[in-house]
Amino acid sequence: MKVPETIRILIADDHPVVREGLSAMINRQPDMKVVAEAGEGSEACEQFSQHRPDVALIDLRMRGMDGLHAILAIRRRFPGARLVVLTTFDDNEDIYRALQGGAKGYVLKGAPREELLECIRTVHAGKSHIAPEVVARLAERLGRPGLTERQ
Amino acid sequence: MAIMNPDGLQFRALVVEDNPADALLLEDVLRRIRDAQFEIAHVERLEDALASLAVASYDVVLLDLGLPDSQGPDTVTRLRQSQPGVPVVVLTGLDDEAVGISAVQLGAQDYLVKGGFTPTVLGRTIRYAIERKRAEQAMMAQLKEAAIVEERNRIAGEIHDILAQDFVGILLQLEAARELNGSNPAEVAKCIQLAEAVARSGLAEARRSVWALCPPELDAEGLVGAVQSFLSRVAVGNPTAIGFSLRGEPYPLPNDKALGLLRICQEAVVNALRHAQASKIRVQLTYEPSGVDLCVHDNGRGFDPKAHVGGKGFGLISMRERAERIGARIEISGEPGQGTRLTVAARTSMGNGEGHIS
């Protein structure tokens, strides 16, 4: 019998209760395991290098180095890194920039557990998973002139 | 307001002058100004001027500084306190030009030496005074707008960083409890307990934010009272021991200084509660003749202040900004494990009597 592959996961979020809750929830899945946690962007980079997780969940807004910079730094060193943006609000220009920077998934915090788990599995399989409300928002933004000139 | 009519601009001017000859002379010069017409009202006392300004609008006030009920530059201050929006041109005697300059420093738009001006000069002075006032008010409005935007960003940041994360934390625990579905009662109880604890701390944070946003009762309580009542409200249901001490004899502070010190105190205490895991916080106010010192000291885990320069959400930048605005010196010292000490020194000139009683 083939042993199912376990998805090794890194969680980066500066709110300890959120981190613990996510970690416990993910660890209850038979095909997932949290291998590292980080409370800040540069810690996320270090943990990523050390543990080389299959998927990393990264909160955009953290104290110290924020999630966007962590995403950019990780993708620079590991171009194949599979990163999921996990954030509280979807009205942030940073989401666009994070996806442009190479994040493959986006989930709103507080979304149903199934959506997050599905996102992790999809991104792990090498595909993108972006919440429908964000797709609509991005399409709207892409139609707006000047946006891509933003650095 | 000034309006255009076929004969030129029309202005409403209030002449505040107790010397009848000077008043007549001034009105005569006003009437001889070409390309502007003046509707003139004349009073002899500051009290009458204030009463008149309260019920009617004027484009400019021409103000003598030697009135029966008010003398010297103080006259300008009283007028500005009561009617900050109206342009003021001060009229001084020949030998007290220095008084005119100090009147401008106190907020008058310009001054003229009595008997030394022509209709052209008076007309131009009045127009410039009105324009300067307009520019000043536009700038004030911009500054106010910027302050509102900044405060809104701060509130949005608090909601994002604290309340929303707590809700996410609660959701995760409730989902976990639902997923366990009674299969492991001890584990379910743990999830519910954790959700409760997070809800409670979130509620406490929401209360703190609301207190910090509400305008404090500085007038009724003074700075000392406002600080004490803030501390006693924060202490409720909180295991951290919060102490307050007062040194020196409290005296009146200008309102902006008192409010600045209170806000800094609130932020420092909330930071200590939120981030420092302190078991003790001490707040001390020291009144010296030269100024008031605020010190907030905790025995928490401390931090390296330099490491957080430019960091988001610690409130230090905002406390520095507040200190800057009231011209106070702020020092924050702390090392990991050594607790944090914040000292703010606000210079004051004792007994200048403005503002509330602390």
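Two strands pair if DSSP finds at least two bridges between them. Helices (H or I, at least four residues) and strands (E, at least two) are DSSP runs, numbered from the N terminus. The model is predicted: local features need pLDDT of at least 70, side-chain atom pairs count only at pLDDT 80 or more, and totals for chains, interfaces and linings use all residues. Residues are numbered from 1 along each chain as its sequence is written, while chains are lettered from A and ligands numbered from 1 in the order in which they are written.

**Exercise 1. Describe the sheet of chain A.**

Step 1. Take the strand order. The 6 strands of this open sheet in chain A run 2-1-3-4-5-6, with parallel pairing.

Step 2. Find the edges. Strand 2 (32-38) and strand 6 (129-130) of chain A each pair on one side only.

Step 3. Look at one pair. Strand 1 (residues 7-12) and strand 2 of chain A are parallel and share 6 bridges. Within this pair, A:Ala12 faces A:Ala38 of strand 2 of chain A.

Step 4. Helix 2 (residues 41-51) of chain A lies across strand 1, strand 2 and strand 3 (55-59) of chain A. Its angle to strand 2 of chain A is about 135°. Axes are lines fitted to C-alpha atoms, for helices over the stretch in contact, and angles run from 0 to 180 degrees between N-to-C directions.

**Exercise 2. Work through the five-stranded sheet of chain B.**

Step 1. Write the order. This open sheet of 5 strands in chain B reads 9-10-11-13-12, and its pairing is mixed. Its edge strands are strand 9 (241-247) and strand 12 (328-334) of chain B.

Step 2. Go pair by pair.
- Strand 9 and strand 10 of chain B are parallel, with 7 bridges. B:Gly243 has B:Arg282 in strand 10 of chain B as its bridge partner.
- Strand 10 and strand 11 of chain B are antiparallel, with 8 bridges. A hairpin of 2 residues joins them. B:Leu285 has B:Leu294 in strand 11 of chain B as its bridge partner.
- Strand 11 (residues 291-298) and strand 13 (residues 340-347) of chain B are antiparallel, with 8 bridges. B:Leu294 stands opposite B:Val344 in strand 13 of chain B.

Step 3. Place the helix. Helix 8 (residues 255-275) of chain B packs on the sheet and touches strand 10 (280-288), strand 11, strand 12 and strand 13 of chain B.

Step 4. Read the faces. In a regular strand the side chains alternate between the two faces of the sheet. In strand 10 of chain B, B:Ile281, B:Val283, B:Leu285 and B:Tyr287 point to one face and are buried.

**Exercise 3. Decide where chain B can be read in detail.**

Step 1. Know the score. pLDDT is the predictor's confidence in each residue, from 0 to 100.

Step 2. Start with the whole chain. Chain B has an average pLDDT of 83, and 88% of the residues score at least 70.

Step 3. pLDDT stays under 50 over residues 307-314 of chain B. The pLDDT is also below 50 over residues 351-358 of chain B.

Step 4. Conclude. Where pLDDT is low, the predicted coordinates should not be read in detail.

Notes:
Two residues are in contact if their C-beta atoms, placed from the backbone, lie within 7 Å. A residue is buried if 20 or more other C-beta atoms lie within 10 Å of its own, exposed if 12 or fewer, and partly exposed in between; C-beta atoms are placed from the backbone.
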